[in-house]
Amino acid sequence: MTDPGDVPPEILDRLRPVCLGLPETYEEPAWVGTRWRIRKRTFAHVLTVDPDHQAAYARAAATDEPICVLTFRSPGDEIAGLLAGGPPFFKPGWGADVVGMVLDDGTDWDEVAELMTESYCVLAPKKLAARVGPPLSRPGPH
């Protein structure tokens, strides 16, 4: 990694096909890390948090070590469920519908794909969101 916030290439390689596979999305460098947008709205932002540079992220993720995090939007009725499970999810101190997730060797990439689709649908115009179909329901207690 060369700059604060740089993301390991293998993580970008997992996120790109999912995020760029959604209608009318694009990728760009963020203030730190990389973000994916629908029109001018960011639905996914990935960065490596260095507690010396991104203190707010480090506090939210409860880390004092560099870690890779993904922030995204979540439908209001799902936020509590994600956060109730604890790690890898956390609540950043900004945006009522923003959720953070630590990406590491234990990341469930199928779940990440579902979360990115949901995040996109939260921010995309209704016609575009309808093109990706209803999100799959998460497995859980029945």
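**Loops and a pocket: reasons behind the labels**

Arg 39 sits in the loop between β2 (34-38) and β3 (41-49). The model is predicted.

Trainee: Why is Arg 39 called partly exposed?

Mentor: Its relative accessible area is 44%. Buried means under 20%, and exposed means over 50%. Arg 39, at 44%, falls in between, so it is partly exposed.

Trainee: Which loop holds Glu 24, and what is its phi?

Mentor: Glu 24 lies in the loop between α1 (9-20) and β1 (25-29). Its phi is positive, about 60 degrees, and Glu 24 is not a glycine either.

Trainee: Why does Glu 24 count as partly exposed?

Mentor: Glu 24 has 45% relative accessibility. That value lies between the 20% and 50% cut-offs, so partly exposed is the label.

Trainee: Which peptide bond is cis?

Mentor: The one joining Pro 87 and Pro 88, with omega about 15 degrees. Pro 88 belongs to the loop between α3 (76-84) and β5 (89-90).

Trainee: What makes up the lining of the largest pocket?

Mentor: Twelve residues line it. Thr 42, His 45, Thr 71, Arg 73 and Trp 94 lie nearest its centre. β3 and β4 (67-73) are the elements that give two or more residues to this lining. β3 gives the most, with four.

Trainee: How much space lies in that pocket, and what classes of residue line it?

Mentor: About 180 Å³. The lining has seven nonpolar, three polar and two charged residues. Arg counts as charged, so Arg 73 is one of the charged lining residues.

How values were computed. Residues numbered from 1 in each chain as written. Predicted model: local features only at pLDDT ≥ 70, side-chain atom pairs only at ≥ 80, totals over all residues. Heavy atoms only, no water. Buried < 20%, exposed > 50% of the residue type's maximum accessible area, 1.4 Å probe, protein only. 1 Å grid on protein atoms, 1.4 Å probe; cavity = no way out; pocket = protein on both sides within 12 Å on 5 of 7 lines; lining within 4 Å. Points joined across faces, edges and corners; volume = space filled by probe spheres on them.
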